[in-house]
Each structure stands twice: as C-alpha cells, then as structure tokens.
Amino acid sequence: MSERPPPFFIFSAMRSGTTMLRLMLDRHPRLAVPSESYFIPTLWRRRRRYGPAGMVRDPAPFLADLERQLGYRLWELPAEAVAARVSPGMTLSDAIEEVFGAYAAHRGKEWWGDMTPNYVNHLPLLERLFPQARFVHLVRDGRNVALSVLDLGRLHRQAATPAFYWARAIRRGRRAQRRLGDRYTEVRYEDLVADPERELRRLCEFLSIPYHPAVVEHDPDAAERVPDQVRHMHTRVSLPPTRGLRDWRTQMSAADLRGFEAVAGRTLDQTGYPRSGVEVGWRDAVGARARLVAFRTRVLLRLLRKGR
C-alpha cells in the first residue's frame, strides 16, 4: 500500500447510511472524514474569480468564497489553518485538497476522504478535478431510504417522491461506474450492518488504507462528532450497527409500497432488492407521477418564498 493513499468520495442517495459509514472511517487513527462538504461545485462555478485555466492565482477570493460555505463552516476549522496551505499558482484541485488536508491535520491525522451524498449529482466534475480519486457508492434498499426520508417530516409526504430521487441516484452512480472502472466500488448498507468488519476490511483495501480495528469499535458518543446544526437528523448514529431499524416489510403502508414500486420497481430489480409482491397498476403509476409534480411545486414555492 502506498504511503499516501488517493483521496476518496463517498456518495449515495440521501438517507442511505453515509453518516454511519463516515463515522466508522473517521475513527481510523490516520484518516479524517469530515461532515458533508458541499462546497466543491460552488468553488468550481466561481473558478474564474481565482485565476485563468483552473489556477488559483489569488487565494484571497478562493478563501473568501470557501468561508461563506455552510458545509465548510460546520467543520469549525480555523481560517488560518487553510490560508497557510493555499498559495498562489496552485490548481483549483490542489487548493481544494489543501482544504481537506488542513482539516485532517487539525484533527492530528494524515489522510482524508469526503462524504457528501449529493455529490452523486456531480461525479463528472469530481472525476475531472481528482483523476486519482476513488469513489464509493453506498447503496441501500430504497424503501428503507424512503421510510427514513418520510420520518424527517419535511416536503416529502409519500414514498413515491423519495423513490424518484433514489432511483436517479442509483442510475447516476452506476453510470459513473462504467467510466471509473476499478476506481469505483459499491458498499451495500445491509452488508455493512450485518458484518461491519468484513465490509470495512474490503473497503480499506479498495481505498489503499491499512485496516485498523478502531473502525468497527462501538462509539457511544458518535453523535458528538456530528455538527450541532444537523444532529437532529442523525439520532441513531450512537447505536452500534443494527439490522432492522428501518424495515419496509413492517413499517411501510401498502399504498406507499405501490407508489414506491410504481416509480422505482425496475431499479429495485437492477440492484437485487426483491419487490414486495404488492400489485402495481396504471393508477399507481399515474398517482405517483402526480405526487412528484406536487412535490416539485412545493419545493419551488419554498424557494420562491426564501428568495423574497
């Protein structure tokens, strides 16, 4: 294994267990995996402020944009720790690597990885910026993903709407697999919960990181390593990996099962998750599409209200 492993990115559909996996890997004594970054696409869109041809000629606007990003602010990383590492003439990708390197060093560690589920929507950009990076797609039964999304009590009201986003995330991840080849791997949430040591040994080998038993040790204070602002969304991270916390077989209504499988039944088949056996008809498909339109309308109205 190399002395300095390549960076890696963990992505998924939302509520697939990425925080659990992040906290496991972050227990490794040499590896730091911060909470969701989100800022890489924003810095890329603003790259012309920093210099030509993807260069950071002037670090000042780069650092100013970085410090405005919520994901970065939640790291509570001293600004001077980053400023000391970003110098004129770096490429944008090198400057971003230094941001993560500063976080790792602040935690007394050498290596870093990123866990941002939403980056499933930005994989071509990450591949371009980090040509040596490894990519980890965490896959979970979409019906349990939907249960978790609905429990948040936000804009999603029926399982048909998270079904759409789960299926889209699976498609985008597997499309990247065709481009990335052996730089891509999948981890199945259910396998990770059933046998954490086996799955984490396999994952560490893929990441070129020596396995350390700390990654499977139970941490009853794991919630303290989740930013205060989002801790309410991760109430179970202090539990040891536990099967059955979400179980669509007993916790999802027949109506929600029909709605979910009307939208994402084929994706369940493609990922090897057995269908429920409920009968899905054309009315379910039409109703699911109507609920998706209604959901998008609610999202748009919320954005418009925020923009006032």
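Analyst: Strand 1 is covered on both of its faces, with F8, I10 and S12 buried on one side and F9 and F11 buried on the other. Buried here means a relative accessible area under 20%, while exposed means over 50% and partly exposed lies in between, computed with a 1.4 Å probe on protein chains only. Strands (E, at least two residues) and helices (H or I, at least four residues) are DSSP runs, numbered from the N terminus. This is a predicted model, in which local features need pLDDT of at least 70 and side-chain atom pairs count only at pLDDT 80 or more, whereas totals for chains, interfaces and linings use all residues. Residues are numbered from 1 along each chain as its sequence is written, and side-chain values use heavy atoms, with hydrogens and water left out.

Because 5 of the 5 residues of strand 1 are buried, the strand is largely enclosed by the rest of the structure. One of these residues is S12, which belongs to strand 1 (residues 8–12) and counts as buried because its relative accessibility is 2%. If its neighbours within four places in sequence are set aside, S12 is in contact (heavy atoms within 4.5 Å) with T18, P117, V120, H137, L138 and A169.

Strands of a sheet pair through backbone hydrogen bonds, either parallel or antiparallel. F9 has a bridge partner on either hand, namely D114 in strand 6 and F135 in strand 7, and I10 has M115 as its bridge partner in strand 6.

A pair of aromatic rings is described by the distance of the centres and the angle of the planes. Rings of Phe, Tyr and Trp (its six-membered ring) pair if their centres lie within 6.5 Å, and planes under 30 degrees apart count as stacked, over 60 as edge-to-face and the rest as tilted. The structure holds 16 aromatic pairs. One of them joins Y50 and F62, whose ring centres are 5.6 Å apart and whose planes stand at 85°, so the pair is edge-to-face. Y50 lies in the loop between helix 2 (39–45) and strand 3 (55–56), and F62 lies in helix 3 (residues 59–67), 12 residues apart. Y50 is buried at 2% relative accessibility, and F62 is buried at 0%. Another pair, W166 and F260, is tilted, with 5.7 Å from centre to centre and 45° between the planes. This pair links helix 9 (residues 160–180), which holds W166, to helix 13 (residues 254–271), which holds F260, across 94 residues. F260 is itself buried at 0%, and it is among the contacts of A146, along with A159, P162 and M252. A146 lies in helix 8 (residues 142–151) and counts as buried because its relative accessibility is 0%.

Finally, there are the charged side chains. Side chains of opposite charge can pair when their charged atoms come close. The structure holds 20 salt bridges, each defined as a side-chain nitrogen of Lys or Arg within 4 Å of a carboxyl oxygen of Asp or Glu. In one of them R30 meets E110, with the closest N and O atoms 2.6 Å apart. The two residues come from distant parts of the chain, 80 residues apart, with R30 in the loop between helix 1 (18–26) and strand 2 (31–32) and E110 in the loop between helix 6 (92–106) and strand 5 (111–112). R30 is partly exposed at 28%, and E110 is partly exposed at 49%.

Key: Pairing = 2+ DSSP bridges.
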